[in-house]
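Please read them with the coordinates open.

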Amino acid sequence: MSASTPHTAQADLATEVNSRLTRLQSLVAAGGLDEAIDLLTECVRSNGVIQAFGTGHSEGFSMEIAGRAGGLIPTRRITLREVVLVGGRDREDLFKPELERDPTVVEELLAHTEIHPQDVFIIASNSGVNSSIVGMALALKERGHQVIAVTSLEHTRAVEPKHASGKRLSEIADVVIDNLAPFGDATLELADGSKVGAVSSLTAAFIGQALTVGVVSRMVEAGEVPPVFLSANIPGGDEHNRVLQDLYGSRIRSF
């Protein structure tokens with residue numbers, strides 16, 4: 001979409017965001033997330049941990065899934081920084097864009113991740129083609145885990161895979177959720193040709209919360225007590241969280 005003045009551009013961005021959230025809500029209403037919610041609910045019921053992974057801005061999606069108020073306690077986010085914090089990589093590697101394209105980081109990350117057979121993984125990537133993303137999905141499938149992908153189908157279909165397998169994340173995952181972001185993510189073109197207004201973080205955040213709400217609702221409807229984080233900034237929040245976190249121990253420790 002083209003936009004001219006700053007106020008017009010901001011209004012156009014709101015339109016782009018709201019139209020996508022409306023489409024996602026229609027998907028939710030039609031049961032389009034049910035398969036993913038089924039996998040995640042069974043994971044929690046079987047004492048599994050929901051593990052989330054994303055690189056770049058997609059790490060924001062993993063933060064929606066793991067470790068926040070109103071979210072599920074048996075969750076963990078896997079981050080590239082772990083190859084420095086608990087691995088042997090130099091800290092300067094964190095500032096190199098090549099890191100998320102390096103297929104060798106996958107085994108390094110998994111070597112420092114406590115994984116149980118019932119764990120389910122959610123991987124977010126707008127392009128769905130970087131080597132660390134695709135390599136992670138392949139490694140998890142080889143280990144027998146269910147993988148849920150959150151990606152832009154428009155973008156991933158328009159670019160070539162970068163992993164040696166020639167595969168995209170969407171071609172590996174058991175369940176694929178389209179974040180509805182356009183090719184290149186930006187939704188607006190300004191008068192000088194600048195493209196701005198990325199939306200994948202916003203739509204992915206909605207998807208993450210919709211999945212969480214879906215799992216908790218399923219458990220409540222079944223008469224179960226869902227393990228949900230309270231805000232640490234309300235009275236009793238820390239105490240409530242600590243009791244439930246202790247049930248999972250190091251399995252849910254994120255870096």
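1. Two strands are said to pair if DSSP finds at least two bridges between them, and helices (H or I, at least four residues) and strands (E, at least two) are DSSP runs, numbered from the N terminus. On that basis, β6 pairs with β7 (residues 195-198) in the antiparallel sense, over 3 bridges, and Glu 189 has Lys 195 in β7 as its bridge partner. The two strands form a hairpin with 5 residues between them, and Gly 193 in the turn has a positive phi of about 95°.

2. The model is predicted: local features need pLDDT of at least 70 and side-chain atom pairs count only at pLDDT 80 or more, while totals for chains, interfaces and linings use all residues. Residues are numbered from 1 along each chain as its sequence is written, and side-chain values use heavy atoms, with hydrogens and water left out.

3. Which residues touch the most other members of the largest nonpolar core? They are Ile 122, Ile 177 and Leu 211, in a core of 28 residues; such a core is a set of buried Ala, Val, Leu, Ile, Met, Phe, Trp, Tyr and Cys residues joined through side-chain atoms within 4.5 Å, buried being under 20% relative accessible area, exposed over 50% and partly exposed in between (1.4 Å probe, protein chains only). Two or more residues each come from α2, β1, α3 (59-65), β3 (120-124), β4 (147-151), β5 and α8 (200-221), and α8 gives the largest share, 7 residues. Apart from this core lies another, of 23 residues, among them Phe 53, Ile 78, Val 83 and Leu 140.

4. Leaving aside neighbours within four places in sequence, Ile 177 is in contact (heavy atoms within 4.5 Å) with residues including Leu 33, Ala 36, Ile 148, Val 150, Ile 207 and Leu 211.

5. Glu 100, in the loop between α4 (82-85) and α5 (105-111), deserves a look. Glu 100 is buried yet has no salt bridge, and Arg 101, the nearest side chain of opposite charge, is 5.1 Å away; a salt bridge requires a side-chain nitrogen of Lys or Arg within 4 Å of a carboxyl oxygen of Asp or Glu, and Lys and Arg count as positive, Asp and Glu as negative, with His and the chain ends not counted. Beyond four places in sequence, the contacts of Glu 100 are Thr 55, Gly 56, Leu 80, Asn 130, Ser 131 and Ser 132.
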